Every structure is written in structure tokens, then in C-alpha cells.
Amino acid sequence: MLNKKLTRRNFMERSTAMAAAFAAGTGFSLGSAQAARDKELNILCWEGYNSAQVLDPFRQAHGATVKAESLTNDPTMINRLRAGETKVWDLINVNNPWARKVMLPEGLIKPIDRATFEPYFERMLPAFKWPYKWAMDESGNELIGMIQRFGPYSFVVNTDKVSRATAEDQGWNLWNDPANAGKYGILESDDWNVFDLCCIAGFDPFKVHTDDEVAKFTDAANRVFKGAKVVGDIATMNQALISGEIDFHLTGGTYSASPARADGNKNIRGITPKSGPMEGGKGGIAWIEVTSVVNNPELSPLATEFLQYVQDPKVSHTVAFAEGTFNPVTQMGDKACFDLFTAEELDAIQWDSLEEEMARSAEYDIVPDYDKLLDIMTSAKKAASAG
Amino acid sequence: MAGFRNALPLIIFLAIGFAAPLLAVIGYSFMPERSFGLLHPPTLENYAAIFNGNSYISFGWSLLLAVLTVAFLALICYPIAYGLARVFGPWAPVITLLFTIPLFVSENVRLYGWLLFFIKNGVLLGTLKSVFGLELESWLFTRPMILLGMVYVYVPFMLFPMTLGVSMVPNETREAALDLGATRWQVFREVELPLSMPGIVIGFLLTFVLAVGAIAEAKILGGQTVIPITHDIEIAFTYAQNWPLGAALAVLLMLVVGILVLFVLRRFDLDAVLGRR
């Protein structure tokens, strides 16, 4: 425990020092063409990859300063690259569609060496074997990132109040039943809430929507926010579920429920509906993170080193159970990695139903009219607070 | 001239640290929606979007909650301020300290403390259930809880200026009024209250301005059942990635608060309030 604490403290100290050095560095290195970057690495990521458990061994092995900044929504990270921070970052870790559909076409990231990375896919879980769609460009020739964490992400129930079977059968209609008003919460994860409201309204989120669908979305947004007992972050949702303030909450899955499950609350469970409005009648939505190399004019040579480093079975397990949330990793297809997971850990990430839940889920994609739907949802949130 | 030179470091500091960000916010509010630069042709579309949308609900909540917070705090703090200035004597510093100590703990942590206190099966309801067998409905995530959180958080900001105001009233004026046959109520109404007004007004202003910008109470204790204007601004800058809209909302908030404060300050001479005639 003491050891862990010290590492964290070291991490904080180092981060502060690095942030200062980094701030000074960016100011002064702009003019110098030969800024030596072989001992530094900057990662823009979801939380987990920024934890000391993951980064410290890499820092020590390479004598490198590694700065990792975590954010909790994809568009913000991508907008930072768009705003000119491609000069700053070496790696970016976001959900699946962004690399292939947005960042590569916009020249924000660049392909990585196929020969080096293709063998790693052999050891991944069956659903992620080479050539894995989201790690490849549209032509299928270039490898544009590596995959690791993933998970189904639809909603979470307290199985003492709503059984798993009922929740899976009723699916998104849980939010269409007026009797459920006041019994649920909504996780403050607005991009995902837009997807989920589309599912509740009965159509696929990942396409351009007709006026009729937008009207249905507006109605669903107003209704669902009006009936919500609480809107908040993951900790608030888990606390409200455990204490009995709410029976289920919108937007959630392994990623959000795993901390509560790891804490012994096995009645908190991520649910993937058996059927829904997505292509092929799929009921849930899943995410797969893709970590790509930024199109940085002075790219650190450590970027690809790090991508290889996190493929290691032990490091993969650390990534899966890094601080914050706990998630399955594609490297669990490798026995050496899988064996590192204890029965408790497997239960926390709902390993028992993971495969079927992923099979029932559509993959996170880009909503073409996201801005319009988000504005409607924000307006519905405010309208709910008026009544 | 020497005075100006000496003031230069401060002027530069204020220009960079205060004026520049403010100007950037104002500049962004005139940029096209969802743009990230300041070099586009200016437009009023963000303001139009706000007036056509329902952000007035958020403005309304922020202002209403701030007014209610000020009103409750006035009622709660005046007796305490009176006590601190006149009654508690040697205990006054200890009591002052008790009101100050919570300020050393982050506001969020204190609010989460309240959350655990009020949550179902938590400190309050859990105890009532296990000791008295009483099962009450949870009060958490309701509007009165937001108000409770705000009143609690802003107590010191109302209490201390008020205490100063009350202690500014010379005892002789009170005695003179009583000697001249005033009732206790008249002494309060016609002597103590007007003379302690400077401190009260500063307390009102300070609390009001802070409370209009409150966000954590509605998020943590209110469970976002109310979206105050500051939260609306936050959504625009984060999930919506619409900096110009967020900037326009911020500018409007500054205008509304600025006008209200100026209105109050015009009615109360600031120099008199600060005791410099």
C-alpha cells in the first residue's frame, strides 16, 4: 500500500514537473528544427492509460518523460488536434470510428507499420482478428491504430429491482414505460445519451435522421429527462443504485458498473438489450478503443514503442484494471494474459456474458446529425428543470 | 508619471490576467457557432440562438436560487452576526473559527458529505430506519436540497460582512434611542438596521454574485434536476463543443449580474458603505 502511495506521489510530482517543463518546452522548441524527442512521449487518452501503474514501468525502461492527459469525451480530444495540437501529442486514444472516419481523412493521425503490429492481432480475442475493421483505413490496406479496451455500453440495472432477464427483454422500452418515471438516473455522458435516446425513440442512431425521427427524438428526450430522478457522473450513478435511490440508469455498461461490481455489489449489472433498432436488430451499443499515432511533424520514436509495450500480457492486464474503471481487453485472447485475471476480476467485468453482449451490440459510430440532436437534448434537459 | 510607472506591473498583470481572457470571451461570443478561432467575420447568431432557445430557464433558476439564498442567509446570519458582535463576548472568536474552518475543505467534498448524509440508507435515513423503524422518502435530488447546499456553502460570505456591519453601530446610539423612549423594535428598525446596512449590503452583494455562479450544489445535491446557467455554459464548452454559444451565455450572465450589482450600488453610496465619506 505504502509502495503504491509513493508511486502515485512520484507520479504527481513528475507530472507537475513535466507539465512545467512541457509548457516551457513548447514555447521554446517551436523554432528549433531538431528538438530531441527521443526521451519524451505525450499521450492524449481516456483515463487508465494515464495511470502510474501503466506508465511508470515504461518510463523506467526508457528513461523517458511520459505525459498523459485524460479526457472523457472523444470530440474534445479530436478538436484539440484540429486546433493545432498535432505538434504536441504522439498518441491519441479514442473510440473506434474516429480514427478511420475522421482523424485519418483529416490528416491528424498516420498509419503504423503493418509488419510490426499484425502479429499481435493473432493473439487477440476471436472477434478482433486481423484484419480488424476499426484498426484499418477504409481501403483495408493501412493499419491506423491498435485496439485494447472495449465493452458493451447500453444501460445498467440493479438486478434486485429489475431482473437481468426482464431488462434484456424490455430493453430500451424500460424508458418508454410511464410507470418507471422517477425510478431511474441518467449518466452525464451526453454523446452516448444521444445514441440511447435514438434507441428509446425506436430508430438507429448512426444515420441521418428524418424530420419525423427528429420529432420522435425530441419527444423522447423531453420525456426521459423529465422522468429522471438524478443526472450525474459514474460515482453518483453507482452510489444511487447501491443506496436504492434509483433502480436503473441510462448509458452504462462494463465501463461504469465494474467499479461497483469490483466493490462487491454484484447486483449492479450492465445490460445489453436482446433486440433493438440497430442494423440487424441489434439491441446494444459497444465501444472499442483505437490508439493511433498522431501526425506529429516531430513524432517521438517512443510512440510505436509504447503501442508495443501495452500489448504485453502483463501490461494489458494492468490496463484492464488501471485506476478508475475496469474493462475487458482484446489481449484476453492470449492465454498468458487471460490467466492473469482472477475470478473476482472476471466477474467485475461481466466476463460470463461478455461475448453474447458484444454479439448483440452495434459498434459505436458517428452520428451524422449529432450537433442537432445534442442541442435538442440539452434543451430538453433545461425544459425538464422548468416543470 | 512615476505613479504610472510604479503601477505598470499591476496594470500589465491585470491586462494579461483579467482583461485579455474577458476580451477573448467577448470576442468568441460574436464568432459563428461551433467555430474555434477568433478570426471569422463577427455575427450575432449566438445571441439570437439564446433568445430563441430556452436558456432563460437556466438564467431564471440561477437568479431565483441566488435571491432565495441571499434571503435565507439574511434571516439566518443576522442573529448570529448580532451575537458575534454583541452577545457571545469571549466565545465570539471560537464561534467565528467554527464558521471559518469548513472553508479549508473543498466545496465538492463538503457537498458529497451532505449527499452521504441524506442519501437513502445513508447517515440520516439509515439511522432513522434502523433505530426508529421509520422509512422516509429520500429528499435527495430535489430543489430544496440545492437551496440547502447553497445556503450552507455561502454562510461565511454573508456572516462576516454582516458581523462587521453590526459591530459598526456605536452602542451609544442604541442607548440614546432607548433613553428617548424607543421600543426594542424601533431601536432595531430605526437605529441598528440602518446603521449596520453597509455590512449587510456587502454581504448581500458578495453572496448574490457567488450564488449566481453556483454549479456544484445543483449537480451534486440536486442531481441536475435544475440546470443553472453556469452548467448551461459548461455544456456548451464541453459536450456541445460550441465555444461561441458558451461565450455568449457567459457575456449575458456578466451583463445581468453587472447591471443588478450596479443598480444596488447606485442606491447605496459605495463610499458611505466603506466608511470613507
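Axes are here lines fitted to C-alpha atoms, for helices over the stretch in contact, with angles taken between N-to-C directions from 0 to 180 degrees. In this predicted model, helix α8 (residues 171-179) and helix α9 (residues 184-195) of chain B have axes that come within 10 Å and cross at roughly 165°. Because angles over 145 degrees count as roughly antiparallel, α8(B) and α9(B) are roughly antiparallel to each other. The crossing in which α8(B) passes α9(B) is right-handed. On α8(B), the contact is formed by B:T173, B:R174, B:A177 and B:L178, and α9(B) contributes B:V187, B:V191, B:E192 and B:L195. Classified by residue type, this contact of α8(B) with α9(B) comprises five nonpolar, one polar and two charged residues.

In chain A, helix α5 (residues 114-122) has buried residues at A:F117, A:Y120 and A:F121. These three residues lie on the same side of α5(A), because the arc they cover around the axis is only 105°. An α-helix has 3.6 residues a turn, so residues three or four places apart point the same way. A:A115 and A:E122, by contrast, are exposed on the other side of α5(A). The elements covering the buried residues of α5(A) include β5 (146-158) and α11 (302-309) of chain A.

Elsewhere in chain A, A:T342 occupies the loop between α13 (335-338) and α14 (343-348). The relative accessible area of A:T342 is 40%, and the residue is therefore partly exposed. A:T342 and A:A384 are 42 residues apart along the chain, and their C-alpha atoms are separated by 44 Å.

Technical notes: Residues are numbered from 1 along each chain as its sequence is written. Chains are lettered from A and ligands numbered from 1 in the order in which they are written. This is a predicted model: local features need pLDDT of at least 70, side-chain atom pairs count only at pLDDT 80 or more; totals for chains, interfaces and linings use all residues. Side-chain values use heavy atoms; hydrogens and water are left out. Helices (H or I, at least four residues) and strands (E, at least two) are DSSP runs, numbered from the N terminus. Angles under 35 degrees count as roughly parallel, over 145 as roughly antiparallel, 65 to 115 as roughly perpendicular and the rest as oblique. A crossing is left-handed if the near helix is turned anticlockwise from the far one by less than a right angle, and right-handed if clockwise. Contact means heavy atoms within 4.5 Å. Ala, Val, Leu, Ile, Met, Phe, Trp, Tyr, Cys and Pro count as nonpolar, Asp, Glu, Lys and Arg as charged, and the others, Gly among them, as polar. Buried means under 20% relative accessible area, exposed over 50%, partly exposed in between (1.4 Å probe, protein chains only). The arc is that of the directions from the helix axis to the C-beta atoms.
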